[in-house]
Amino acid sequence: MANCAFGLKNKVNSNSQLTGSTPMYTGSAVYRSFGPGNLALDQGNQTAAFWSKGADTAWFDVAYYPAEPVQAFFIGRTNLGQSATWTLTVKNGDTQVYTATGTFATLGGVGPVQMVHVAPQPIMASDIRFDISANGSVWESYIAIALAYVGPIWQPVRNYSTKSTTGLDLGQTVNTGMAGAEFVTSAYARRKAVVDHESLDIADVPVLEQIALLGAAGSNVLFIPDPAADPPTLNLRTLFGRIQRGDLSNPYGAAARQQTSFTITERL
């Protein structure tokens, strides 16, 4: 097991060049904005919808200059199924420096259909391309992607405590009949993690302050509980969404260990 990791610096942003497969509904001015540029939105409220080409395939590319180190790669909030696959190609200039392949399958075949990949070490890169194959796992004539992350990861000096918890933030309307029967209308089920970290190092403090500012701005972060986990577990456990950081305290005096909590709520 590796120390938990946070992706705090997303290269999928408005300063990068985002290109991809031909967007859905390109003939309509209303829907013309359904393109890869929407992946730069933190809220993910405008789906990037691509035509399914050939055997239900789509691609998008993130390019920027100068080259920067990246290590984590994420695609989320998709309409894909468990049998969908991905290929990752990373370049530094015109030179290919890294490639990987995998599936969107999660542990036990349940949970969000998302792609998470953590490279063994940081890679200097200026161009990252994702190729996605739906493999017949979508009913629509397009592949929809709302959220993506490409960037470095930060890991605290020591791992978080076992007091940390996971849960669901449920959007439901419950109507109760005269006989006591309950009728539940579900709106959403949003995953969350509450990380209670009691053993942070003094060296972690500058990044902890950065996390507090990201949370105040409503920016998304990538939270990977165990970067060394197998791919299905990574896909199931990883969260991408808004972070809230608690107060920073020093409960152990001369031990010089810092304590704080993080609440990461999945972006829907």
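**Exercise 1. Find the contacts of Arg158, leaving aside its neighbours within four places in sequence.**

Solution. Start with the criterion: contact means heavy atoms within 4.5 Å. Arg158 is then in contact with Asn3, His197, Ser199, Leu200, Asp201 and Arg257. Arg158 sits in the loop between strand 9 (147-151) and strand 10. Helices (H or I, at least four residues) and strands (E, at least two) are DSSP runs, numbered from the N terminus. Then check the sequence separation. Arg158 and Cys4 are 154 residues apart in sequence, yet their C-alpha atoms are 8.8 Å apart in space. Arg158 has a relative accessible area of 23%, so Arg158 is partly exposed. The classes are buried (under 20% relative accessible area), exposed (over 50%) and partly exposed in between, with a 1.4 Å probe and protein chains only.

The model is predicted: local features need pLDDT of at least 70, side-chain atom pairs count only at pLDDT 80 or more, and totals for chains, interfaces and linings use all residues. Residues are numbered from 1 along each chain as its sequence is written, and side-chain values use heavy atoms, with hydrogens and water left out.

**Exercise 2. Give the strand order of the open sheet of six strands and name its edge strands.**

Solution. Apply the pairing rule: two strands pair if DSSP finds at least two bridges between them. The order comes out as 1-12-13-14-11-10, with antiparallel pairing. Strand 1 (5-7) and strand 10 (165-176) are the edges, since each pairs on one side only. Neighbouring strands are turned by 35 degrees against each other on average, direction ignored. Axes are lines fitted to C-alpha atoms, for helices over the stretch in contact, and angles run from 0 to 180 degrees between N-to-C directions.

Now take two pairs. Strand 13 (residues 239-245) and strand 14 (residues 258-266) are joined by five bridges. Arg245 faces Phe262 in strand 14. Strand 10 and strand 11 pair over twelve bridges, also antiparallel. Here Thr165 has Val194 as its bridge partner. Five residues lie between these two strands in their hairpin, where Gly180 takes a positive phi near 95 degrees.

Helix 1 (residues 205-217) lies across strand 11 (182-200), strand 12 (220-224), strand 13 and strand 14. Helix 1 runs at about 105 degrees to strand 13.

**Exercise 3. Is Ser126 buried or exposed? Describe its surroundings.**

Solution. Ser126 lies in strand 7 (residues 115-133). Its relative accessible area is 10%, so Ser126 is buried. Its side chain reaches the backbone nitrogen of Gly93 at 2.9 Å. Ser126 also touches other residues, among them Val62, Tyr64 and Lys91. Follow Gly93 next. Gly93 takes a positive phi near 70 degrees in the hairpin of strand 5 and strand 6, which has two residues between the strands. Strand 5 (residues 85-92) and strand 6 (residues 95-103) pair in the antiparallel sense over eight bridges. Trp86 stands opposite Gly102.

**Exercise 4. Which element gives the most to the lining of the largest pocket?**

Solution. Strand 11 does, with four residues. Strand 10, strand 11 and helix 2 (231-237) each supply at least two lining residues.

Definitions and conventions:
A polar contact is a pair of N or O atoms within 3.5 Å; within protein, one must be able to donate a hydrogen and the other to accept it, and residues adjacent in sequence count only if both atoms are side-chain atoms.
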